[in-house]
Amino acid sequence: MADECDVVVIGTGPGGEDAAGRLAEAGLSVVAVESRLVGGECPYYACVPTKMMVRAAGMLEEARRIPGMAGRATVTPDWGTVATRIRDEATDSWDDKVAADRLTGKGVRLVRGEGRITAPNEVTVGDRVFRARRGILLNTGTAPVAPPIDGLAGTPFWTNREAVQATEVPGSILVLGGGVVGAEMTQVFARFGSRVTIVEAGDRLLANEEPESSALIRKVFEREGSTVRTGAGVTAVTHEDDRFTMHIGDEALTAERLLVATGRRPNFKGLGLDRVGLDENARRVSVDGHMRAADGVWAIGDITGMGAFTHVSMYQAAVAVRDILGEEGAPAAYRAVPRVTFTDPEIASVGLTEAQARDQNLPIRTGMSQIPESTRGWIHKAGNDGFIKLVENTEWGTLVGATAVGPSAGEVLGFLAVAVHTETPTAALRDMIYAYPTFHRAIEAALADLAT
């Protein structure tokens, strides 16, 4: 006999947990299926613990900047303090009881196990079958993936999951992959005393960001003692005597640890997407503006390919919930998706990069200003690396993209995200009054550069 309900939610990452709770609070009968931790990757292995690591590393660096600014300081890193905070404050030792109780407290029925679609509006978990009167919401997320490098499989390499559980900092570490995870972890471990080498097969770090961002963060990493290798194809990896060796052509790099940060794969193999007319071999689950993937099927989060960010998943959850409840609301819009890499300086972007805009054949011009040349940057002095870059559609007279790099750049980005999202005319942005002396006042100088 099948259990009847209104909606089955498969996967309780941030968006799935939020959607399940909202639907239950609206009076629907909701079953949430989770095979790992309620809350997903973000609170246990990604956003939250990694930013605790970043915060701690940033405090160390600020203390090192005291000479010449405020006096003298002696800095003694202690990773045990960070590890304890991650275990006790962020993850409850990777126990999701608090999150699970929060979910069931809203009236959601939580079922542990692997869920798979076995028929339209039907989900099977083990030997239990659930039939959903309204449909199925997918939020199965992604998992770390390792490249097919000779010898890598079977070695005790780290992904982000092992890195956040580290109880001590390795003396040396190789970081494979120059994306967001690789960049953030490179700086964290280097500031805590590791000898770090970051290796990227492409020609620059943070390839999805502006090239100026890539160049600046490379300069900062090298200044802080890390080795940066780009355009480096790894041919093999070995692990002997508690050391990893990474082979790049005839060169061999060695370290105590290896962190693999080369991307993630969507978790929908074996999910039964074919039972509802979807392709399990696709790179993502395609959805319309109301998050509908098929008749009676909605999908949100990383698997939709619209940005592997918690904020995108939460945004999509709200859109899907409205649709499931039959409520009016605007369809999803992605022209102003914000993203932040929490290095020091922070790298924050919204909308299109210059290259992306040119690929779309948009008529554009760009404007830039340098944080060190701003009054706030001059006052800040140590640790004032950064810039503002604006991408304007000259036909529309609005920003289609922007990047803020610098101290608190993620906060500065809020202004730029509003401008891109609301399609505010750049003429109106020039007419504004910008508080002095702030970091965001550098936007004014970048706007002026647009006009030259």
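1. Does threonine 155 count as buried or exposed? In this predicted model, threonine 155 has a relative accessibility of 13%. Buried means under 20% relative accessible area, so threonine 155 counts as buried.

2. The surroundings of threonine 155 may be described next. This residue lies in a loop, with strand E7 (142–144) on one side of the loop and helix H6 (160–163) on the other. A polar atom of the threonine 155 side chain lies 2.7 Å from the backbone oxygen of leucine 152. If residues up to four places away in sequence are not counted, threonine 155 touches His239 and Phe244.

3. Strands E11, E12 and E13 form an open sheet, in the order E11-E12-E13, and their pairing is antiparallel. Strand E11 covers residues 236–240 and strand E13 covers residues 251–255; both stand at the edges with a single partner strand each, and therefore one side of each has no neighbour in the sheet. From one strand to the next, the twist averages 20°.

4. Within this sheet, the pairing of E12 with E13 can be given in detail. Strand E12 comprises residues 243–248, and five bridges join E12 to E13 in the antiparallel sense. Histidine 247 has alanine 252, in E13, as its bridge partner.

5. On the scale of the whole protein, the division is into three domains, one of which is made of separate segments. Domain 1 consists of 3–48 + 84–144 + 265–325, domain 2 of 160–262, and domain 3 of 338–450. Between the C-alpha centres of domain 2 and domain 3 the distance is 28 Å. To the contact between them, domain 2 contributes 17 residues and domain 3 contributes 20 residues.

6. Over residues 337–445, the model has 32% helix and 30% strand, with 24 Å between the end C-alpha atoms.

Note on methods:
Residues numbered from 1 in each chain as written. Predicted model: local features only at pLDDT ≥ 70, side-chain atom pairs only at ≥ 80, totals over all residues. Heavy atoms only, no water. Pairing = 2+ DSSP bridges. Helix = DSSP H or I, 4+ residues; strand = E, 2+ residues; numbered from the N terminus. Axes fitted to C-alpha atoms, helices over the stretch in contact; angles between N-to-C directions. Buried < 20%, exposed > 50% of the residue type's maximum accessible area, 1.4 Å probe, protein only. Polar contact = N/O pair within 3.5 Å; in protein donor to acceptor, adjacent residues only side chain to side chain. Contact = heavy atoms within 4.5 Å. Domains from an automatic or database assignment.
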